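Good morning, and thank you for the time. I would like to take the group through one structure; please have the sequence and the model open as I speak.

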Amino acid sequence: MPYRESYYETWEYQSNIMDKAGFVRDWIVRYVDEDIFNPDKVTDEEAARYLGIDLSMIEGYNPDKQEQGVEEKSEETVAITEQVLSIKRWTEEKAKAVSGIIKDRKEYFATIQTSLDTPNIEYFARNKETGEVVTNREDYNGTNSLEILEDFKSREHYVKGNGDSALLYENGRVQVDYYGGLESRYYNYYYGEGVDYTDQYEVYVALRDELVPGDSFYTNKLQIDRALAIKEKVYVGLVIGIAIAIIAGLLWLSVVGQGEKKGKIYLNVFDKLPFEVQTMLYIPALFIVFIGSAFALDRVLSKEWLPYGGSPFEIGVIVFNFMLVIAVSLTVLFISSIVKHIKNGSWKQYILIVRLGHWLIMNMTEGTLPFVVIGVILIYLVLSGIGILTFLMGFGIMSLLAFMGLVCLNIGVALISIKLVVDYMQIAKGIKKVAVGDLKAKVELKYTLPAMKETANALNHIGDGLESAVTDALRSERFKTELITNVSHDLKTPLTSIISYIDLLKEEPIDNSTAREYIGILDERSNRLKQLVEDLVEASKAATGNVKAELMPTRIDQLVIQSVGEYTDRLEERHLNIVFNKVEEVMVPIDGRHMCRVIENLLSNVCKYAMPYTRVYIDVYNLQNKACVVIKNISKEQLAIEAEELLERFVRGESSRTTEGSGLGLAIARSLVEVQGGKLGLEVDGDLFKVVIEFPH
């Protein structure tokens, strides 16, 4: 069905009428002059152009005696004129060229006359300068040119042109072109050589008011008018036919493959073939049917002696319908197999590539490198195969289908890749949340690879597990702290009584030296136990954050020197020499009471674990944005332990445990430093033990 409202809006009419107008233009511009067929009027330039020869390559040729305007040598000319032509050779070649030119002109003029010898074309062309006219209007008498031109302009449809281009007119206005533009300018009006003075030519071409049989204008207009007359009925019939086809198709789909209503789906031999194998059988079979039918139709219609029993058109319809029945039967067989597997729920086993993809994905998700490589290679082989198939098919419906399949496949791969990237980003975001302490962060993924879903589930369980572990650790730490606090508190009361009674015993006049010795040991051990209990309480407070710091600007260098001075006697007893290597004036916001306890704990460690008769180096200096206190000594025992472990509670550097330490001194010192906003670190290098305390300004 034509989608244009009339024959004059169709491309067939526009292109056909323009071809006729082009022939009229050629006639009035060049062939109205009979000298064009005179061999003596053919110029040297025309002959040289016809032969592809440059006149400058002719020996003895004098261009001054010829008309100017010889073209420059082209690559084609150089190829022909590898050697300079003599005047004699040029004369012979020119004669051949003139003969060929005149022959071509006569043949083309015969083509013009034959093309314009059609019953439904009227044309009128004139040279306004010379008055020459070319027309097939019988009413032209040599003086009524203006009347004839006005008659053309009064037509509903006509072509008006000059020596270069032409326009289609409809009811006196430029006709909208075939593609819906503002106007239709046909610059292919004339395909040959142009002219300098285009406006001196007028060309008018139009169809007669009443078309008669005898040319394509009549045939095409008749067919389109007939189609337009039944257009609405055809569309109504088309809608009804589509509705019937849909209803029939739905009814067929509801029962295909079933022996009874809602019964078992029966699969025949063809249905058991994989989808890809069916496709490879169906498409070539369809192709063979169409090509074979067309070949048979051509062979039958070409033999006039065959008793058809009807016209060739009727035979063509019979062959076409036979071909259509076979094609539809093959299509129904192919589609029914697809429907059966969908209704049976076996489409995953039916499609081979789905089975292969499922197997491949299951193996790829295990993370084994060979299957990942195989998967990538197969994907690229499929894409490459479709691309090669599209290239080999060339243009046509099959090529278009293959190309569309390739585009859809690439879109699918792109969408899957984007989905995987998005899923990966969600998992990465969840990991970051868990890393910063949000243990309740969850990642929910839908319609993704099994490996991605398993990773998301594992991440969710990691959060739950970490939350449970942290809760257990906090509970254990709280119980431990409460136990230490309670035990320490419970020990204080009886310990105080024990110490009091020991003090009373020490004042009694006891002459027994052994008893005196025992009382001394009890006094030493009870005081040590008291110190341990106090350390436990202090460590418990520091661990639970119950220690408060009152920060005030303090000269930390003076505080260190004062604390060392108070410990001088004990250090001398251990034969340790204090060396202040570098002491600078530094003012930092600290709690003096806590800082004294820190220095006291560190010096106590030095007394317990430093090698006698060695030096202890103490430095206090000011860096760009922090103050540092450094205490270094040589250990008397080999330190077979990591520095970080020494900062744990109840850890001692001496494995034999023969010294009087509790293993809490360094832990308490670090906690007190951190309460004041500082940092305490240890470094162990062989027997060198180094403590570094840093406070920001």
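I shall begin with the overall picture and then turn to a strand, the cores and the aromatic rings.

First, the basis of what I say. This is a predicted model, in which local features need a pLDDT of at least 70 and side-chain atom pairs count only at pLDDT 80 or more, while totals for chains, interfaces and linings use all residues. Residues are numbered from 1 along each chain as its sequence is written, and side-chain values use heavy atoms, with hydrogens and water left out.

The pLDDT, which is the predictor's confidence in each residue from 0 to 100, averages 78 over the protein chain, and 75% of the residues score at least 70. Over residues 65-83 the value is below 50, and that stretch has 23 contacts beyond near neighbours in sequence; a contact means heavy atoms within 4.5 Å. Residues 649-653 are also below 50, with 28 such contacts in the model.

The protein chain has 20 helices and 14 strands. These are DSSP runs numbered from the N terminus, helices being H or I of at least four residues and strands E of at least two. Of its 697 residues, 34% count as buried; buried means under 20% relative accessible area, exposed over 50%, and partly exposed in between, with a 1.4 Å probe and protein chains only.

Let us look at strand β7, residues 201-207. Seven of its seven residues are buried. In a regular strand the side chains alternate between the two faces of the sheet. Here Y201, V203, V205 and L207 lie on one side and E202, Y204 and A206 on the other, and both faces are covered.

Next, the interior. A nonpolar core is a set of buried Ala, Val, Leu, Ile, Met, Phe, Trp, Tyr and Cys residues joined through side-chain atoms within 4.5 Å. The largest has 39 residues, and M595 and F695 are among those with the most contacts inside it. Helix α18, residues 592-609, is one of the elements that give two or more residues to this core, and α18 gives the most, with seven. Leaving aside residues up to four places away in sequence, M595 touches I556, L559, I590, Q676, I693 and F695. Apart from this core lies another, of 30 residues, including Y7, Y8, M18 and Y123.

Finally, the aromatic rings. The whole structure contains 16 aromatic pairs. Rings of Phe, Tyr and Trp (its six-membered ring) pair if their centres lie within 6.5 Å; planes under 30 degrees apart count as stacked, over 60 as edge-to-face and the rest as tilted. Why is the pair of Y31 and Y108 called tilted? Their ring centres are 5.7 Å apart and their planes stand at 55°, so the pair falls in that class. Y31 belongs to helix α1 (residues 11-31) and Y108 to helix α4 (residues 87-116), 77 residues apart, so the pair links distant parts of the chain. Y31 is buried, at 9% relative accessible area, whereas Y108 is partly exposed, at 29%.
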